[in-house]
Amino acid sequence: HSFQGPQPVGSGFVLDRVEALDLLNEAGDAYRAVVRPYLVGEDIASEPSQSPSRFIIDFGIRSLEQAMEFPLALDLVRERVKPFRDQNQRRVRREKWWLLGELVPAMRAALAPLSRYVGGTATGKRILFCWCDPWTCPSNAMNVFAFEDDASIGILSSGIHESWARDQSSTMRMDFRYTPTSAFETFPWPKIANSEALAVAAEAMIARRSAICVERQIGLTRLYNEIDDGAYRDLRDLHIALDEAVAAAYGWPASAAHDPAESNRLLLELNKAITAGDVAYHPFD
């Protein structure tokens, strides 16, 4: 359910917004299959709507013959990427020059049936999560989670998950680096992850957060810095309600939502019980 986004291996795949929209206007809607908004971690942190500021030419796993059905896009890649990829030490990257360098096919398969998915920053003072639409191509500088339900983004956005992720992750100066293997795959999902109360709390938090960002035209980093300074108490209260809903989904008292050491201890105990076979654990069936 968690992945790092595809790695282009060639800056020529990336288009600025004006060039991409001109290309789509000229070529028609069919090209939306291979000219996609390109989301990076900085967009999640800084754009008021957490939306991509650039586009990328992404042929997915198409053969060259299939890519030739989009000649305007393929010509750009042949001109801007192929000379660079011709020098690459990995044969597959030289031979398949029209494809991104790391395709992450498992991610593509997991996201294909979803109406939206969760994107998250990979490094920072805090890790931020947002909704992404299916057209958007995530970058390798962010993480991807194959969830489309409100409860799941609520769990990821909770202080309980952040405290666990911070404890499991490496740090860089004051920032920490969130990697799916260490921070997500070790995190035991709550048994009642489909809780309606949890979904409602998550939806309310994200709706209020989005409204502030759009109204003020600020990104999430600036918003949460202002919350740290004492602003937007109503949004802080929505986060508290979300954390308590996540604690309830685990069957814990509300106090565990406000004590990182205690929630981490309880998560570790749960992990041990799952490993020992004392607790049935099939969270994503």
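Q: How many residues of helix α8 (residues 150–157) are buried?
A: Helices are DSSP runs of H or I with at least four residues, strands are runs of E with at least two, and both are numbered from the N terminus. A residue is buried under 20% relative accessible area, exposed over 50%, and partly exposed in between, with a 1.4 Å probe and protein chains only. In this predicted model, eight of the eight residues of α8 are buried, and the helix is mostly covered. They are Asp 150, Ala 151, Ser 152, Ile 153, Gly 154, Ile 155, Leu 156 and Ser 157.

Q: Which elements cover the buried residues of α9?
A: Cover is read through contacts, where contact means heavy atoms within 4.5 Å. The buried residues of helix α9 (residues 159–168) are Ile 160, His 161, Ser 163, Trp 164 and Ala 165. Their cover includes β7 (129–132), α8, β11 (175–177), α10 (180–184), α13 (233–250) and α14 (260–275).

Q: Is Arg 93 buried or exposed?
A: Arg 93 counts as buried because its relative accessibility is 11%. The residue lies in helix α6 (residues 91–95). Apart from neighbours within four places in sequence, Arg 93 is in contact with Gln 7, Val 9, Arg 85, Asn 88, Gly 101 and Glu 102.

Q: With which side chain does the side chain of Arg 93 make a polar contact?
A: A polar contact is a pair of N or O atoms within 3.5 Å; within protein, one must be able to donate a hydrogen and the other to accept it, and residues adjacent in sequence count only if both atoms are side-chain atoms. Here the partner is the side chain of Glu 102, at 2.6 Å.

Q: Is Glu 226 buried or exposed?
A: Glu 226 has 17% relative accessibility and therefore counts as buried. This residue belongs to helix α12 (residues 220–228). When residues up to four places away in sequence are not counted, Glu 226 touches Arg 216, Ile 218, Ala 231 and Tyr 232.

Q: Why is Ala 20 classed as buried, and why is Ala 109 classed as exposed?
A: Ala 20 is buried because its relative accessible area is 0%, whereas Ala 109 is exposed because its value is 54%. Ala 20 is placed in helix α1 (residues 17–27), and Ala 109 in helix α7 (residues 105–111). Beyond neighbours within four places in sequence, Ala 20 contacts Leu 15, Val 35 and Phe 55.

Q: How far apart in space are the C-alpha atoms of Ala 20 and Arg 32?
A: These two residues are twelve residues apart in sequence, and their C-alpha atoms are 10.0 Å apart. For Ala 109 and Ala 146, 37 residues apart along the chain, the C-alpha separation is 9.6 Å.

Q: What does the whole chain look like in these terms?
A: The protein chain has 14 helices and eleven strands, and buried residues make up 48% of its 285 residues. Of the contacts with a separation of 6 or more, 66% join residues 24 or more positions apart. The C-alpha atoms fill a box of roughly 60 × 45 × 35 Å along the principal axes.

Methods. Residues numbered from 1 in each chain as written. Predicted model: local features only at pLDDT ≥ 70, side-chain atom pairs only at ≥ 80, totals over all residues. Heavy atoms only, no water.
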